[in-house]
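Below are some notes for a colleague who is opening this structure for the first time.

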Amino acid sequence: MAEESVVTDLPMKRPREDEENGVSAATEAMETETISNDYISSVIPGWFSEISPMWPGEAHSLKVEKILFQGKSDYQNVMVFQSSTYGKVLVLDGVIQLTERDECAYQEMITHLPLCSIANPKKVLVIGGGDGGVLREVARHTSVEQIDICEIDKMVVDVSKKFFPYVSVGYEDPRVTLHIGDGVAFLKAVPEGTYDAVIVDSSDPIGPAQELFEKPFFESIAKALRPGGVVSTQAESIWLHMNIIEDIVTNCRQIFKGSVNYAWTTVPTYPSGMIGFMLCSTEGPTVDFKHPVNPIDSNDCQSKSKPLKFYNSELHTAAFCLPSFAKKVIDSKAQS
């Protein structure tokens, strides 16, 4: 089994005392039997409830069969539990990041929407995405020669490898180099025009992911991309976060001189049951995100993963069709 290259000489917060003594925080947490019930519902015992100021007045709940892991990294609380209906679930700071049942809808769309929109992508950067799912999908593209990933939280990587091997299989690809550190700092140091595509698999804009939604970060992405290069970034829900989406579209329209588009997909365990993506290109060769030019054949790829479960060319085009209320706002921002 191939081992991914790991680079750790990136700006990071000071490690916790247990890591300075040579003990991995993830390893220690995996061995502990002390379980906190901070995110287990007191209203419906035995259920996990996702409560956040990002979606006030509502919560999505899953029945918990067993808590498999709970730990605290330098950056966030990390939990894995076995659910009754969605398989194993990865939770960061009380927010669901993925479930075994529906992770394909997010991982496949955030990856193939950009990579199938340009011919022969060769160098790809993933910011965040420590679970490895985006790596798994990038690895399906046989033209790709270099895959860099910068993830700030090593515990997320370690936990995903232990509990989600089908998701983290992307780390086994020899084209992958893992950089543990701050994605914002990593991008600032990238030489201009390095990548064909950048995929930002971030959590919500609170905590360690806040900077990944701000204008200077998008400027760094644009600099790191070649002419006609593309970026795909997590862009929240049209049902809950139109104010955030408006800001993202405004920033992207100012920075990316090629194409700026919003697409979306359904993910049942995400708030409102959907999640969006910003798809942008730099000035250069025209990129028409709505009509894929680089179709992917899941039976002819370098990836060790199983065939695609969600993405196809028809769904690719349909992902850019927006309901009227969202289209009106997004189009007005994109054209301003």
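**Notes on the model**

1. Lys88 has its place in strand S5 (residues 88–92); strands (E, at least two residues) and helices (H or I, at least four) are DSSP runs, numbered from the N terminus. The model is a predicted one, in which local features need pLDDT of at least 70 and side-chain atom pairs count only at pLDDT 80 or more, while totals for chains, interfaces and linings use all residues. Residues are numbered from 1 along each chain as its sequence is written, and side-chain values use heavy atoms, with hydrogens and water left out.

2. Is Lys88 buried or exposed? With a relative accessible area of 16%, Lys88 is buried (buried is under 20% relative accessible area, exposed over 50%, partly exposed in between, with a 1.4 Å probe and protein chains only). Leaving aside residues up to four places away in sequence, Lys88 touches Leu68, Phe81, Gln82, Leu98, Thr99, Glu100, Phe163 and Phe164, where contact means heavy atoms within 4.5 Å. Its side chain reaches the backbone oxygen of Phe163 at 3.4 Å.

3. Phe163 is also one of the buried residues of helix H5, together with Met155, Val156, Val157, Asp158, Val159 and Ser160. Helix H5 (residues 154–163) is mostly covered, with 7 of its 10 residues buried.

4. Strand S9 (residues 176–180) is largely enclosed by the rest of the structure, because 5 of its 5 residues are buried. In a regular strand, side chains alternate between the two faces of the sheet. Both faces of S9 are covered: Val176, Leu178 and Ile180 are buried on one side, and Thr177 and His179 on the other.

5. Strand S8 (residues 146–151) pairs with S9 in the parallel sense over 5 bridges; a pair requires at least two bridges found by DSSP. Cys150 has His179 in S9 as its bridge partner.

6. All 13 of the 13 residues of helix H3 (residues 103–115) are buried, so H3 is largely enclosed by the rest of the structure. A kink of about 25° in H3 is centred on Met109; the bend at a residue is the angle between axes fitted to the seven residues ending there and the seven starting there.

7. For the chain as a whole, the secondary structure comes to 11 helices and 13 strands. Of its 336 residues, 56% count as buried. Among contacts between residues at least 6 apart in sequence, 71% join residues at least 24 apart.

Technical notes:
Polar contact = N/O pair within 3.5 Å; in protein donor to acceptor, adjacent residues only side chain to side chain.
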